[in-house]
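Please look over the structure shown here. The report below takes its cavities, salt bridges and surface in turn.

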Amino acid sequence: MEVNRVTPINKVVKRNKNALLKSILIFTIIASFTVLLMGGYWIFKEQAPRPLEVTNEKGEVILTKETIMGGQAVFQKYGLMDYGTVLGHGSYMGPDYTAEALTVYTEGMKDFRAEEKYGKPFDEITGEEQTVIRDLVKTEMRENRYDPDSDTMVITDAQVYGYEKVGEFYRKVFTEGDGWGLKAELIKEEHMPAEERAYVASGDQIQQISDFFFWTAWLSSTERMNDDITYTNNWPYYEDAGNEMSFSAIWWSGASVTVLILFVGIILFVFYRYHLGMEEAYKDGNFPRIDLSKLPVTSSQLKSGKYFLIVTVLFFVQAMFGALLAHYYVEPDSFFGIKWIHDILPFNIAKGYHLQLAIFWIATAWLGMGIFVAPLVGGHEPKKQGLLVDILFWALVVLVGGSMIGQWLGANGYLGNKWFLLGHQGWEYLELGRLWQGVLAAGMLIWLFIVYRGIKSGLKRENDKGGLIHLLFYSAIAVPFFYLFAFLMNPDTSFTFADYWRWWIIHLWVEGIFEVFAVVVIGFLLVQMKLVTKSSTVKALYFQLILLLGSGVIGIGHHYYYNGSSEIWIGLGAVFSALEVIPLTLLILEAYDQYKMMRDGGVDFPYKATFWFLISVAIWNLVGAGVLGFLINLPAVSFLEHGQFLTPAHGHGAMMGVYGMFAIAVLLYSLRNIVKPEKWNDKWLKFSCIMLNVGLAGMVFASLLPVGFLQMKEAYVNGYAASRSADFLKQDIIQSLLTLRSVPDTIFLVGVVALVLFSIKAMFNLRKVTHKEIEPLPVRDLSTDEDE
């Protein structure tokens with residue numbers, strides 16, 4: 001009887017391992033998403049109004065909610081968010097249309113009041129008179145005349161004149177081109193049916209997009225109801241419109257640094273006090289020997305090889321589009337004088353492809369790795385697993401090909417009312433049409449089913465529902481789940497609220513969930529290779545997940561500072577964005593441990609290439625995601641640089657440096673196990689790793705970063721709109737820095753080509769299947785195997 005009483009107690013103890021960390025993680029997730037969802041509700045309630053009617057002082061209708069919404073749809077339909085920006089979000093070749101429209105609107109008002117008061121245009125009156133007019137216009141435009149009861153708004157005669165100037169300006173731009181990278185006659189009425197249009201209102205599309213741009217200029221310069229700050233928290237910086245940095249931006253910049261220093265001390269103390277790092281599972285001189293020729297290979301694992309080949313090909317194509325985009329900054333309307341290339345692939349289409357292909361190849365690498373790992377976790381190959389892997393592969397091929405064709409047709413106006421369904425949806429990072437979004441979501445669900453079938457037996461054997469295999473499964477579930485929020489945006493969704501959900505995909509899905517998945521996968525692989533102890537790894541994973549989700553979820557708020565969201569996000573986003581640096585910094589410690597493992601493995605260690613890229617991930621996590629991200633997330637910096645070149649400096653360092661390098665790492669780990677050991681050549685991969693890192697560092701630090709600093713200074717001196725103009729980009733020093741980028745870009749492309757050639761060769765040297773379906777695999781059982 002005594003034995004019977006002891007046994008269940010031991011089981012309970014095992015099941016409650018890391019109980020405190022589990023509780024903290026659950027609390028962190030609930031608290032973080034509660035704040036985020038409540039903040040989303042606040043954004044929805046406090047978003048800038050889109051009045052049913054906007055009238056002049058005589059009661060004549062000037063614009064309507066229908067034309068504002070229609071203009072947003074026109075903006076999206078032609079993929080203009082992949083050329084310029086609205087409210088600071090989008091791409092950097094073209095202007096920020098909000099800042100540009102605000103300038104035209106303000107200058108129009110100044111001319112109207114100057115003519116009315118002094119009988120001359122604003123530029124022809126004296127300096128003292130100009131001061132009077134500036135103050136008059138500033139006061140006039142910041143007054144909020146919206147009536148929430150009737151959902152209507154009256155604007156003054158001066159505002160009407162400014163509105164008309166905005167319309168005249170954009171009619172010329174979209175008729176004649178902008179003299180930079182935008183095609184003449186881009187917007188044509190024949191691209192849409194005359195009646196019953198999808199999302200686009202009836203009537204002139206150019207007038208609608210002008211109304212939309214004017215609306216963003218209005219909300220950026222008009223104070224919120226019963227407040228002394230605009231809907232965009234006084235962004236963009238333009239003194240003549242009264243837009244100057246708020247106290248919140250200054251205070252929370254300092255407060256975030258202070259909080260960061262405090263929490264660095266606290267977290268480092270906890271980390272070292274409770275030994276929350278991964279511990280080596282081997283002793284000096286007793287490094288585990290891995291004989292690749294004896295490792296099992298199943299049918300589905302072998303079929304994952306074609307995923308990795310496609311990954312490298314898509315990576316090459318995506319990098320080539322990046323090189324084309326970089327060239328357009330120097331020669332905006334052709335490629336070394338070849339006009340037809342620009343005619344077929346203008347900046348906005350090339351940029352959409354560049355972003356979507358990045359997501360495709362990185363995600364496909366991770367999907368392939370999940371397929372490869374599943375039998376190792378479950379201990380056998382499920383029936384028909386290889387067939388499902390093939391089905392998913394061809395679904396991905398259809399997705400990539402179909403979505404790219406659809407984006408091209410949609411952005412060129414050839415799909416009519418089907419533009420949103422089949423074409424270019426119009427959101428940066430979410431360019432692919434709604435149908436292709438559905439295909440992508442379905443593909444991820446199929447992948448999750450494949451992974452679940454593979455690891456199901458391991459899940460059943462693992463008593464601890466928070467154990468290593470369960471953590472791997474939970475992180476896999478999160479990948480398709482968080483992408484589903486992409487379906488909450490439509491062209492008629494208010495731009496501010498749509499941007500709230502859009503950043504759920506970019507920040508929470510790409511930067512958050514994939515980060516979580518990466519951390520868990522790295523821990524799993526290290527345990528699988530018997531390099532670290534299982535108990536220390538699970539404990540370390542919980543600690544890392546607490547930090548990642550505790551800072552990263554609310555840290556999404558740094559994207560909401562100036563897009564029309566409420567001022568509270570300046571505080572929340574600033575503090576939690578600063579804290580995101582801490583888990584990224586701790587990964588450097590993990591990288592050093594990985595380096596020691598690789599060194600201890602000696603010349604016979606087969607996964608050197610994987611570890612080179614994992615170390616690269618940790619370095620870029622700190623530098624690209626952490627340091628450069630922290631720089632632009634400070635509200636006082638973001639106020640001036642929001643939507644400038646410092647943003648892609650961070651973006652390239654984080655997206656390629658972290659997620660791209662990790663995708664290559666898991667790709668090489670998987671390939672290493674299915675390629676004949678004698679046909680493997682680490683020299684190619686070492687060369688590729690060096691070239692990719694040197695090229696990436698060059699484009700970030702020799703080109704994007706210095707241009708970003710100069711652009712930020714231009715905004716401080718001459719206003720934000722000036723820093724985003726073509727005139728700024730045409731300056732000799734800027735053109736020299738942008739031209740210089742061709743050197744690191746070329747180095748980077750050489751690294752990509754080396755990786756592609758290696759992958760092609762690998763496909764001709766795959767091992768044979770060693771174990772059939774259902775046959776037990778000779779692998780370590782991580783569901784029950786305890787540390788020795």
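## The second largest cavity

In this predicted model, 29 residues line the second largest cavity, and H507, E511, E515, G552 and E580 lie nearest its centre. The elements giving two or more residues to this lining are α16 (495-528), α17 (534-555), α19 (581-601), α20 (608-633) and α22 (646-674). Helix α16 gives the most, with 7 residues. Helices here are DSSP runs (H or I, at least four residues), and strands are E runs of at least two, numbered from the N terminus.

The second largest cavity holds about 320 Å³ of space. By class, its lining has 15 nonpolar, 11 polar and 3 charged residues. Nonpolar covers Ala, Val, Leu, Ile, Met, Phe, Trp, Tyr, Cys and Pro; charged covers Asp, Glu, Lys and Arg; the others, Gly among them, are polar.

## How cavities are counted

Rolling a probe the size of a water molecule over the atoms shows where empty space is left. On a 1 Å grid over the protein atoms alone, a cavity is a set of points where a 1.4 Å probe fits but cannot get out; lining residues have an atom within 4 Å of a point. Grid points are joined across faces, edges and corners, and a volume is the space filled by probe spheres set on the points. The count comes to 11 cavities of 30 Å³ or more.

Residues are numbered from 1 along each chain as its sequence is written. Local features need pLDDT of at least 70, side-chain atom pairs count only at pLDDT 80 or more, totals for chains, interfaces and linings use all residues, and side-chain values use heavy atoms, with hydrogens and water left out.

Side chains of opposite charge can pair when their charged atoms come close. The model has 23 salt bridges, each a side-chain nitrogen of Lys or Arg within 4 Å of a carboxyl oxygen of Asp or Glu.

What does K22 pair with? K22 forms a salt bridge with D464, with the closest N and O atoms 2.7 Å apart. K22 lies in helix α2 (residues 19-46) and D464 in the loop between α14 (434-461) and α15 (468-483), so the pair ties together parts that are 442 residues apart in sequence. K22 is buried at 14% relative accessible area, and D464 is buried at 15%. Buried means under 20% relative accessible area, exposed over 50%, and partly exposed in between (1.4 Å probe, protein chains only).

## Other salt bridges

E168 pairs with K165, the closest N and O atoms being 3.6 Å apart. Both lie in helix α6 (residues 157-176), 3 residues apart, about one turn of the helix. E168 is partly exposed at 48%. K165 is partly exposed at 28%.

D333 forms a salt bridge with K339, with the closest N and O atoms 3.1 Å apart. D333 is partly exposed at 34%, and K339 is partly exposed at 44%. E107, K110, R134 and D240 are linked in a network of salt bridges.

## A nonpolar surface patch

V313, F316, V317, M320, W684, V753, L757, I760 and F764 make a nonpolar surface patch of about 750 Å². Helices α9 (299-328) and α27 (742-763) are the elements that give two or more residues to the patch. The largest share, 4 residues, comes from α9. I760 is found in helix α27 and is partly exposed at 35% relative accessibility.

Patch residues have over 30% relative accessible area and no salt bridge; like charges are joined within 9 Å, and nonpolar side chains (Val, Leu, Ile, Met, Phe, Trp, Tyr) within 5 Å. Accessible areas come from the Shrake-Rupley method with a 1.4 Å probe; for residues, only the protein chains shown count as cover.

Methods. On a 1 Å grid over the protein atoms alone, a cavity is a set of points where a 1.4 Å probe fits but cannot get out, and a pocket is an open set with protein on both sides within 12 Å along at least five of seven lines; lining residues have an atom within 4 Å of a point.
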